[in-house]
Amino acid sequence: MINRDIIEADNAARQTDLAADYDALGARLSRRGVDIETLTARAMGFGVAIPSWGTGTGGTRFARFPGAGEPRGIMDKMDDCGVIHQLTAATPKVSLHIPWDRTDPALLLEKAEATGLGFDAMNSNTFQDQPDQAHSYKFGSLSHTDAATRAQAVEHNLDCIEIGRAIGSKALTVWIGDGSNFPGQTSLSRQFDRYLEAMGQVYAGLPEDWRLFSEHKIYEPAFYSTVVQDWGTSLMIAQELGPKAQCLVDLGHHAPNVNIEMIVSRLIRAGKLGGFHFNDSKYGDDDLDAGTIEPFRLFLVFNELVELEDTPGIDLSHMIDQSHNVTDPMESLMISACEIQRAYVQASLVDRTVLEGYRSDNDALMAAATLRAAFRTDVEPILQMARQRQGAAIDPIAAFRASGWRAQVAAVRPASAGGGGGIV
Ligand SMILES: [Mn+2]
């Protein structure tokens, strides 16, 4: 972890400005009937999980250009996640990926204790072959035509649940690359039947207090058809499997211009929204940093979440899923967590009573203006204050750079080679 003195010294230099900015924003919000302290408390209560795989430099299918001091394994990844949470106070959990993070659960618990972290959903991997496995996933996993290959994929998912149980996780996210590259290559209907049957076996192995998240993605690695390609299919899966099955929305897994906030609303209505993989995209599953391309879309997603937050039974896993190819992954993850938190706070200051009035009166112009007023409000002082009050950094990137963390770990972590996974 980073020495507390470094964080405090960096905060000290920013404290006076923050106090002035916070008071000024508080006065402005007060004129709109909004209590800044309520928003700060909400910011402090917000958390988004870091994907363990996001701490290493990602890549594309063309190449990966490693960075300095990349984590050597899950213990280093947990150290990095601990620092991200220390500086942002917004990332209390880590989402593990098996087999990339496979290790003794006792060591994971020990590291979680040392870094002040917990564990969010487990992620299985049947989109790659591992050196020791009997059957290849080249032509699919849970939906493969061969029963033994499907059984192997089911067994792997059950194994992920076992590891998760040992470390206090409460959910399993299943994303598969299964599909086809050619029309006629596979039966679209029977392939889905096979998937459902295999997932039924995974579902049967879920502990009582666990949830199973089905993550859809429109295409890639399969380029003609994908078994779990959209939210409709994901909803069918969740409804067929049972009450512990829900849908996970990865923001980058849709066709361009799809109205994701409406998908969010529909899934909540069905009682089937389980969680998110936050990221941003310009063209496809780009896995860019949250809020960098379409911050208004991120805001609109949170607008639905805040509007429906009192829906009975709603319990969402907020997770990041990004690939950091040209930035320091820890810096990208810190900024992303803060941007996701920003969208949440901005959505929290929408005047819902006023908005409902405009909706009732069919005043489209003022309804849209009400949302824009919230989106345009600079809530940075609220985020900064939330961090400062929790002992984190007012400016996480500045404190991180001042700490010299990257250079320190680069001295003990050997340079890594290219390759490895990044885009899920
Ligand atoms: Mn994802």
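Two residues are in contact here if their C-beta atoms, placed from the backbone, lie within 7 Å. The model is predicted: local features need pLDDT of at least 70, side-chain atom pairs count only at pLDDT 80 or more, and totals for chains, interfaces and linings use all residues. Residues are numbered from 1 along each chain as its sequence is written.

**Stop 1: Leu 25**

Select Leu 25, which lies in helix α2 (residues 15–31). Helices (H or I, at least four residues) and strands (E, at least two) are DSSP runs, numbered from the N terminus. Leaving aside residues up to four places away in sequence, Leu 25 touches Ile 36, Pro 381 and Ile 382. Leu 25 counts as buried because it has 20 C-beta neighbours inside 10 Å. A residue is buried if 20 or more other C-beta atoms lie within 10 Å of its own, exposed if 12 or fewer, and partly exposed in between.

**Stop 2: the six-stranded sheet**

Next, colour the strands β4, β5, β7, β9, β10 and β11; in the order β4-β5-β7-β9-β10-β11, these six form an open sheet with parallel pairing. Two strands pair if DSSP finds at least two bridges between them. β4 (122–123) and β11 (317–320) stand at the edges, each with a single partner strand, so one side of each has no neighbour in the sheet.

Move to strand β9 (residues 245–250), where six of six residues are buried. On one side are Ala 245, Cys 247 and Val 249, on the other Gln 246, Leu 248 and Asp 250, and both faces are covered. Strand β7 (residues 211–215) pairs with β9 in the parallel sense over four bridges, and Glu 215 stands opposite Leu 248. β9 also pairs with β10, again parallel and over four bridges; here the partner of Leu 248 is Gly 275. From strand β10 (residues 273–278), four bridges lead on to β11, in parallel. Phe 276 stands opposite His 318 in β11.

**Stop 3: the three-stranded sheet**

Select β1, β2 and β3, which form an open sheet in the order β1-β2-β3 with parallel pairing. The edge strands, β1 (50–51) and β3 (118–119), each pair on one side only. Two bridges join strand β2 (residues 93–95) to β3, and Lys 93 has Gly 118 as its bridge partner in β3.

**Stop 4: α12 against α13**

Show helix α12 (residues 352–360) with helix α13 (residues 364–375): their axes come within 8 Å and cross at roughly 160 degrees. That angle makes α12 roughly antiparallel to α13. Angles under 35 degrees count as roughly parallel, over 145 as roughly antiparallel, 65 to 115 as roughly perpendicular and the rest as oblique.

Display the side chains at this contact: Val 354, Leu 355, Tyr 358 and Arg 359 in α12 meet Met 366, Ala 367 and Thr 370 in α13. By class, the residues of the contact are five nonpolar, one polar and one charged. Ala, Val, Leu, Ile, Met, Phe, Trp, Tyr, Cys and Pro count as nonpolar, Asp, Glu, Lys and Arg as charged, and the others, Gly among them, as polar.

**Stop 5: backbone details in the loops**

Go to Pro 99, in the loop between β2 and α5 (105–115). The peptide bond from Ile 98 to Pro 99 is cis, with omega near 15 degrees.

Then select Glu 220 and Pro 221, joined by a cis peptide bond with omega about 10 degrees. Pro 221 is in the loop between β7 and β8 (225–226). Glu 220 has phi near 80 degrees, a positive value in a residue other than glycine. Glu 220 counts as partly exposed because it has 14 C-beta neighbours inside 10 Å.

End at Asn 257, in the loop between β9 and α9 (260–269). Phi of Asn 257 is near 70 degrees, a positive value in a residue other than glycine. Asn 257 is exposed, with 7 other C-beta atoms within 10 Å.

Definitions and conventions. Axes fitted to C-alpha atoms, helices over the stretch in contact; angles between N-to-C directions.
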